[in-house]
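User: I would like to go through this structure step by step, with each answer ending on the value or name I ask for. Please start from whatever term is needed before the overall figures can be read.

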Amino acid sequence: MASFHDEVFPAAVSFGATGGPERRNEIVSLTSGREKRNLRFSQSRHRYDAGTGVRSLDDMHAVVAFFEARRGSLHAFRFRDPFDMKSCRPGEAPSPFDQELGTGDGIRARFPLMKTYGTGSEAYRRLIAKPAIATLRVAVAGVELPSATGFSFDDATGEVVFAPSAIPGSGAVITAGFEFHVPVRFDIEHLSLSLTAFSAGQIPSIPLVEVRL
C-alpha cells in the first residue's frame, strides 16, 4: 500500500524502546455488582516509545532522518519489537515447526501467517503481516519445504502461498518459524530534540503505534 514504507526503524534505537500490546475492552458494572465485559477488537494493538533508545548523537541523527523520510506520521514502517520478535522464545532460533498455521485439505494454497499465545480454546492467534522474509521457514507434515520452489509470502495479504506442486494434502499440518516486524507509524507530529552533553543527544519521547494493513 502507498502509505507503507518497507523500511526498518533504526535497530540500535528500537532495542532500547519501551512498550507492548494494548487491549481495548468495554466493562459495564451491573446493578447486581457483577460486570459485563466485551472485547472491542479481536487483535491487540501495540504501542511503543522509542525515546528511551536514543543514547547518542548518531542515534538522534538516525531517528531524525527516518522521521523526515516518513513525513512524520504519514507513512507506516517496520519496527523490531525488542520484546517479541520471533516465532519462538527470544533466546532461540526460529525453526519451521514453531507455529501451527492450519491443516491442509489438498486444495487450499494460502494460509495466514500467525503466532499463537496460550493454548487450547483460549489461545490468541496474532496475525503477522511483516515477517523478515529471509528468516521464514515452512514445513508440511513435519517436512521443511524449500523457500525457492515450495512456497512464497504474499506481502499484500499476510499469507504463506504454496506452489501448485506443494499444496498441503488433506490432514497435513502446516507449521512455520520466522522473525518479524510490527507495522507502525509515528504517533507524533514533531520531534523534541535536546543536547545533554557534547556527544550525547536526547529525544524524550518518540511514540509509535501499530497500524493495520
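Analyst: A contact here means heavy atoms within 4.5 Å. The model is a predicted one.

User: With that in hand, what percentage of the contacts in the protein with a separation of 6 or more comes from residues 24 or more positions apart?

Analyst: The protein has two helices and 20 strands, and its C-alpha trace spans about 65 × 60 × 35 Å along the principal axes. Among contacts with a separation of 6 or more, the share that belongs to residues 24 or more positions apart is 72%.

User: What percentage of the residues of the protein count as buried?

Analyst: The accessible surface comes to about 11,600 Å², and carbon and sulfur atoms hold 54% of that surface. Buried means under 20% relative accessible area. Of the 213 residues, the part that counts as buried is 45%.

User: Which element gives the most residues to the largest nonpolar core?

Analyst: The largest nonpolar core has 20 residues, and those with the most contacts inside it are Phe9, Val63, Phe186, Ile206 and Leu208. Two or more residues come from each of strand S6 (76-79), strand S17 (180-186) and helix H2 (57-69). The element that gives the most, with four residues, is H2.

User: Which residues does leucine 208 touch, not counting residues up to four places away in sequence?

Analyst: Leu208 is among the residues with the most contacts inside the largest core. With residues up to four places away in sequence left out, leucine 208 touches His46, Arg47, Tyr48, Ala50, Phe77, Phe79, Val184, Arg185, Phe186 and Asp187.

User: The rings of phenylalanine 9 and phenylalanine 186 have planes at what angle, and what class of pair does this give?

Analyst: A search of the whole structure finds twelve aromatic pairs. In the pair of phenylalanine 9 and phenylalanine 186, the ring centres are 6.3 Å apart, and the planes stand at 65°, which is over the 60 degrees required, so the class is edge-to-face.

User: Is lysine 130 buried or exposed?

Analyst: Lysine 130 has its place in strand S11 (residues 130-131), and its charged end sits over the ring of phenylalanine 4, at 4.2 Å from the ring centre. Residues that lysine 130 touches include Phe4, Arg78, Asp155, Phe180 and Leu213. Because its relative accessibility is 3%, lysine 130 counts as buried.

User: Over the face of which residue does arginine 23 lie?

Analyst: Arginine 23 lies at 4.4 Å from the centre of a ring, and that ring belongs to tyrosine 124.

User: Which residue in S16 stands opposite glutamine 99?

Analyst: An open sheet of four strands has the order S7-S16-S12-S13 with antiparallel pairing, and its edge strands, each pairing on one side only, are strand S7 (99-103) and strand S13 (143-144). S7 pairs with strand S16 (residues 173-177) over four bridges. Within S16, the residue opposite glutamine 99 is alanine 176.

User: Which glycine in the turn between S3 and S4 has a positive phi?

Analyst: Strand S3 (residues 25-29) and strand S4 (residues 35-39) pair in the antiparallel sense over five bridges, with isoleucine 27 standing opposite arginine 37. The two strands form a hairpin with five residues between them, and the residue in the turn with a positive phi of about 100° is glycine 33.

User: What is the relative accessible area of alanine 141?

Analyst: Alanine 141 lies in the loop between strand S12 (137-140) and S13, and it has a positive phi of about 55° although it is not a glycine. Alanine 141 is exposed, since its relative accessible area is 55%.

Conventions:
Residues are numbered from 1 along each chain as its sequence is written. This is a predicted model: local features need pLDDT of at least 70, side-chain atom pairs count only at pLDDT 80 or more; totals for chains, interfaces and linings use all residues. Side-chain values use heavy atoms; hydrogens and water are left out. A nonpolar core is a set of buried Ala, Val, Leu, Ile, Met, Phe, Trp, Tyr and Cys residues joined through side-chain atoms within 4.5 Å. Buried means under 20% relative accessible area, exposed over 50%, partly exposed in between (1.4 Å probe, protein chains only). Two strands pair if DSSP finds at least two bridges between them. Rings of Phe, Tyr and Trp (its six-membered ring) pair if their centres lie within 6.5 Å; planes under 30 degrees apart count as stacked, over 60 as edge-to-face and the rest as tilted. A charge sits over a ring if NZ of Lys or CZ of Arg is within 6 Å of the ring centre and within 35 degrees of the ring normal. Accessible areas come from the Shrake-Rupley method with a 1.4 Å probe; for residues, only the protein chains shown count as cover.
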